[in-house]
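Notebook open. I want to look up what packs inside this one, then check the surface and the record.

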Amino acid sequence: MGKKLVMAQKRGETRALCLGVAMVACAVITYYILGTTVLPLYQKSVWTQESMCHLIETNIRDQEELEGKRVPQYPCLWVNVSSVGRWAVLYHTEDTRDRNQQCSYIPGSLDNYQMARADVEEVRAKFHQRQVFHCFSTARENETSVLYQRLYGPQTLLFSLFWPTFLLTGGLLVIVMVKINQSLSILAAQK
């Protein structure tokens, strides 16, 4: 009976060690992936200065209002604000600015024009309710645009690193507990 118990205990320890090592390996791989994707975006982000923006005007632009420029057929919101003592165009995120510089806000669903228009109207109403809000600007003097929300801010980086850190800590704890269990069983066998 004692030999079967020792063998079962050894198999269980081996499986627990494999689990701990697999957790650590997955955490290391995840850290590598995050280090090559999210971290460079965070480091390249120039939108680091948080300031207060004062709403100047909002305008919903349709395609016919954009004077011959080729723009996708969806309504978009154009927002002008005053930030850091100068006039600026407000963009929702970094991606909004990259997708279409004619739009401050691009609706999420572009399939249905009426739903997209309602979404834009709702966002416009929220801006009119809150005339003063936080925004992000860059240190460049000649920059005439600001962001409402940063995609690649410190909160995103910390949230991205939370689960791999949790996985790494859990894997190391499993390995340490198995090693402690093995050393205690050796001590008990010697007595």
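I'm working from a predicted model.

Started with Leu77. Leaving out residues up to four places away in sequence, I find Leu77 touching Thr58, Asn59, Ile60, Cys103, Ser104, Tyr105, Val120, Val123, Arg124 and Phe127.

Next, the largest nonpolar core, which has 15 residues. Which of them touch the most other members? I get Leu77 again, along with Val79, Val81, Leu90, Phe127, Phe133 and Val146. I then looked up which elements give two or more residues to this core: they are strands S1 (49-61), S2 (76-83), S3 (86-91) and S4 (132-137), plus helix H3 (113-129).

Then the record. UniProt, in an unreviewed entry, puts "transmembrane region" at residues 16-34 and 157-178. I checked the fold over both stretches. Residues 16-34 come out as 100% helix and 0% strand, with 27 Å between the end C-alpha atoms. For residues 157-178 I also get 100% helix and 0% strand, and here the end C-alpha atoms are 32 Å apart.

Last, the surface. I found a nonpolar patch of about 510 Å², made by Phe159, Phe162, Trp163 and Phe166. Phe166 sits in helix H4, which runs over residues 154-190. Is Phe166 buried or exposed? Its relative accessible area is 52%, so I log Phe166 as exposed, the cut-off for that being over 50%.

How values were computed:
Residues are numbered from 1 along each chain as its sequence is written. This is a predicted model: local features need pLDDT of at least 70, side-chain atom pairs count only at pLDDT 80 or more; totals for chains, interfaces and linings use all residues. Side-chain values use heavy atoms; hydrogens and water are left out. Patches are made of residues with over 30% relative accessible area and no salt bridge: like charges are joined within 9 Å, nonpolar side chains (Val, Leu, Ile, Met, Phe, Trp, Tyr) within 5 Å. Accessible areas come from the Shrake-Rupley method with a 1.4 Å probe; for residues, only the protein chains shown count as cover. A salt bridge is a side-chain nitrogen of Lys or Arg within 4 Å of a carboxyl oxygen of Asp or Glu. Helices (H or I, at least four residues) and strands (E, at least two) are DSSP runs, numbered from the N terminus. Buried means under 20% relative accessible area, exposed over 50%, partly exposed in between (1.4 Å probe, protein chains only). A nonpolar core is a set of buried Ala, Val, Leu, Ile, Met, Phe, Trp, Tyr and Cys residues joined through side-chain atoms within 4.5 Å. Contact means heavy atoms within 4.5 Å. UniProt positions are given in the numbering used here, feature names are shortened, and annotations may be inferred rather than shown by experiment.
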